[in-house]
Amino acid sequence: MFSRIARRYDLMNGLMTFGMHHAWRRVAARQTIPSPPGPALDLATGTGDLAFELRRVHPHRVVVGADFSLGMLEVAREKVKRAAAPGRVRLAAADALGLPFADRAFACVTSAFLLRNLADLEQGLREMKRVTRPGGRVVALEITQSTLPGFTPLFRFYFHHVVPRVGQLVGGDREAYTYLPQSVDRFVTPAELSRLMEKVGLRGVTYRRLGMGTVTVHTGIA
């Protein structure tokens, strides 16, 4: 499904979020600043937007963008070729539930809109913790259900009815953009995700809501 929508993914992200997704990724990337020296990993990198934000925040780090979708990686690869310093962003095909990297291989690990798609959320978090060096940051940006009085019903209408129609018209795939709000409905709350992060061994877990509560940045220390 993600490979099907790869060519229109960036356009749809911009339309759905009114361009705010870049600012959210910048917030997530900056959460990794206190991490120790070493390379950075962006999981479910998609077309590479968060990987490039990491590159801007950490110009001296190598950033690895990993994804399960080969279609997404192909678009990301085209972006890397156009980048000023292409060698600083490298791409890899990888399954987030069984990462092909050694323990403590990365100074920090990020993801944007990955966790709600995992078949085993706890295992995915354990893998993120496993490949992060002690003191490194694990940061996850996720869509969450808004709890803001008055705004919540408006957001649900937009997310469940407008977004799928736009997905059909612009992205050519109504199914993918119907799955999106359904996956958010099934996902854990920020408080529940924080407890899971602590369960897998992450310390100092915090979260910050953005976008009127529709997205949340979670941070833990390995």
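## Basis

The model is predicted: local features need pLDDT of at least 70, side-chain atom pairs count only at pLDDT 80 or more, and totals for chains, interfaces and linings use all residues. Residues are numbered from 1 along each chain as its sequence is written, and side-chain values use heavy atoms, with hydrogens and water left out.

Helices (H or I, at least four residues) and strands (E, at least two) are DSSP runs, numbered from the N terminus.

## The sheet

Seven strands form an open sheet with mixed pairing. Their order is β3-β2-β1-β4-β5-β7-β6. Two strands pair if DSSP finds at least two bridges between them. β3 (89-93) and β6 stand at the edges. Each has a single partner strand, so one side of each lacks a neighbour in the sheet. On average, neighbouring strands are turned by 15° against each other, direction ignored.

β1 and β2 (residues 63-67) run parallel and are joined by four bridges. D42 stands opposite G65 in β2. Helix α5 (residues 121-130) packs on the sheet and touches β1, β4 and β5. Its direction makes about 140° with that of β5. Contact means heavy atoms within 4.5 Å.

## Helices α6 and α7

Two packed helices are described by the angle between their axes and the distance between the axes. The axes of α6 (residues 152-171) and α7 (residues 174-186) come within 7 Å and cross at roughly 160°. Axes are lines fitted to C-alpha atoms, for helices over the stretch in contact; angles run from 0 to 180 degrees between N-to-C directions. α6 and α7 are therefore roughly antiparallel (over 145 degrees).

On the α6 side, the contact residues include F159, V163 and R165. On the α7 side, they include Y177, L180 and D185. The contact residues divide into seven nonpolar, four polar and four charged. Nonpolar means Ala, Val, Leu, Ile, Met, Phe, Trp, Tyr, Cys and Pro; charged means Asp, Glu, Lys and Arg; the others, Gly among them, are polar.

## Helix α2

Which residues of α2 (residues 21-30) are buried? They are H21, W24, R25, V27, A28 and A29. Buried means under 20% relative accessible area, exposed over 50%, partly exposed in between (1.4 Å probe, protein chains only). The cover over these residues includes α1 (6-17), α3 (49-57), β4 (106-112), β5 (132-143), β6 (203-210) and β7 (215-221).

## Positive phi in two loops

F18 lies in the loop between α1 and α2. Its phi is near 55°, a positive value in a residue other than glycine. F18 is exposed, with a relative accessible area of 66%.

A44 lies in the loop between β1 (40-43) and α3. Its phi is near 50°, again positive in a residue other than glycine. A44 is partly exposed, at 25% relative accessibility.

Notes:
Parallel < 35°, antiparallel > 145°, perpendicular 65-115°, else oblique.
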